[in-house]
Amino acid sequence: MTVHYDENKPSASQPRLIIRGTIVVPVSNPFREDRSSHPMSDCAQSAGDTTAIDNTGKRKGDHGDDDRVEWLGPGLKLLKDHVIYVGMNGIVLKMEPFSEESHSWTRPEPQQDSPIEYLELGHEELLCPGMVDLHIHAPQYAFTGTATDRPLMGPKGWLETYTFPAEASLRDNPERCQAVYRGVVERTLRCGTTTAVYFATLHLDPCQTLVNIVKDVGQRALIGKVCMDRNSPEFYIQSLEQNLEETEVLIQYIHKTMGRRSERAVIKSGQSSPTELLPLVLPLVTPRFIPTCTPALMTGLGKLAAKYDCHITSHISESVDEVDFSRHLDATQDFPAGGGKRTDAQIFDSHQLLTDQCIMAHGVYLSSHNENDNCLDDHGDWELMKKRGAAVAHCPLSNFVFSGRSLRCRRLMEQGVKVGLGTDVAGGYDPSMFHSSRMAVVASISCDHEEKVQQPEYQQQEQKQDIAAGEDSSAITKRRKVTTSMPTTQNAMDYRHAFYLATLGGAEALGLQDRIGTLAVGMEFDALVLSAAKERNGPVQIFDSDSLADIFQKLCVLGDDRNVKHVFVQGRHVKTP
């Protein structure tokens, strides 16, 4: 690609950034056979994204230089020695294999004043899409790393003891509000989070402060005012009317400050890529969860989301105590005629809050399968979520702390339910998506362990071992209750699947997969340069025997913010070495 720059006539078609090196490209959900649904699947011109993937993870009939494209598995590839061009508007113009013959542009000398930024990556460096954190509580960043010593709910629970006071404290303390919000935005950016779905606070002023800080620092975000009008402490509750009014004011403030998506994100007829960027900040409608929101509030929020075409986020089927309390409220106050049989998903759906722009956190107690045949239940929560296009924000660390079980994430992905990852700060005590990715792998393996020990065959084997050890069989029967469960289905995931969840999976959950989540022509350039170089002083050590695939795996499994060398959002350099 010949690069011409006319400083007198700058245009979006002129590059502002050129990067040469190895590029990591997630293409699709690795557990779904249909891999042609991604809007940008035909835009990665150098890698031949138009044919099917075989069961080894390689693409049948892949054209181009085979030695330049390495498939790490279904839906994930490495493009070796490629060049990516980013336009003045932050949109990817072209991706191609590097060659001396076709690449006529040469890197300027350091002393030359060039409007084009050029990065040439080392062997131990990789360019990959930015990470998407689908669930993070910005005001809770102040106590991240503490307060994991009690259950979620109750008079002395985690919410009342730590969360509500911490969130309320930002209303009358602007200096603390600035420090906490700037801290969480800058910290997550350093860790490689280019897009964050932020729960803010109940009060309007701190929410607007968060919008301003995100805009100033340059992170992409969705921000919502938390809504609560029942079962909350007196110092942290609002009326129905105030919740709805301030939610609408915040939506309008974000639109005025950042622009509206419907006005700016335009794909003109006959064009395959957008001509305008998304607003950097999008508004969220945010009922905290069913126990703190009356039916009238949820109905009103559903109407606001429809009026302004907004994303929605909340917590769903998170813990046993939350599910029990929600059903108790539904039976005694909200919908007595239903007898308390409605699930969280059905309740949200009844208020038009379960949409294709909805991201629900946790979901570990969503109903999934019939007990008899292990087939997806047409009346189950999973199927309802899938029909509505709603997504689950998988928060593996906080699920261990509060939920008492892990999400069957792989099964959701296999069924076609949209899933991404969240840190869930501060219930999740680490704000890094690297850590959430690793915890997602551990959680998936724990699901297999849990189901294995529930299998009669496994328990009979242990019983034989106990008898061999001299224990009476009748005593064993009394001590160990043999249970039955659905036939074992593999739940385990690895670093490649977690990387999809942290990038393209999150973008698909937001319905923004045509803009962010991977690297392809026409996408907005939200990206990271990961480095395992020795001078980074990080936890990754590379040896001569390590391939590029090995380096990527080590960065996923061991990496942290020290390995994040560069961060770009909409083509803007927001973190440099």
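How many aromatic pairs does a search of the whole structure find? The search finds seven aromatic pairs, where rings of Phe, Tyr and Trp (its six-membered ring) pair if their centres lie within 6.5 Å, and where planes under 30 degrees apart count as stacked, over 60 as edge-to-face and the rest as tilted. The model is predicted, so local features need pLDDT of at least 70 and side-chain atom pairs count only at pLDDT 80 or more, while totals for chains, interfaces and linings use all residues. Residues are numbered from 1 along each chain as its sequence is written, and side-chain values use heavy atoms, with hydrogens and water left out.

Two of the pairs are set out here.

| Pair | Centre to centre | Angle between planes | Class |
|---|---|---|---|
| F164 and Y236 | 5.7 Å | 40° | tilted |
| F525 and F568 | 5.3 Å | 55° | tilted |

F164 lies in helix α1 and Y236 in the loop between β9 and α4, so this pair ties together parts that are 72 residues apart in sequence; helices (H or I, at least four residues) and strands (E, at least two) are DSSP runs, numbered from the N terminus. F164 counts as buried at 2% relative accessibility, and Y236 is buried at 0%, where buried means under 20% relative accessible area, exposed over 50% and partly exposed in between (1.4 Å probe, protein chains only). The second pair links F525, in the loop between α15 and β15, with F568 in strand β16, 43 residues apart, and both F525 and F568 are buried.

Elsewhere, ring pairs link F143, W158, Y162 and F402 into a cluster. F400, by contrast, is found in helix α10 and is partly exposed, with a relative accessible area of 38%.
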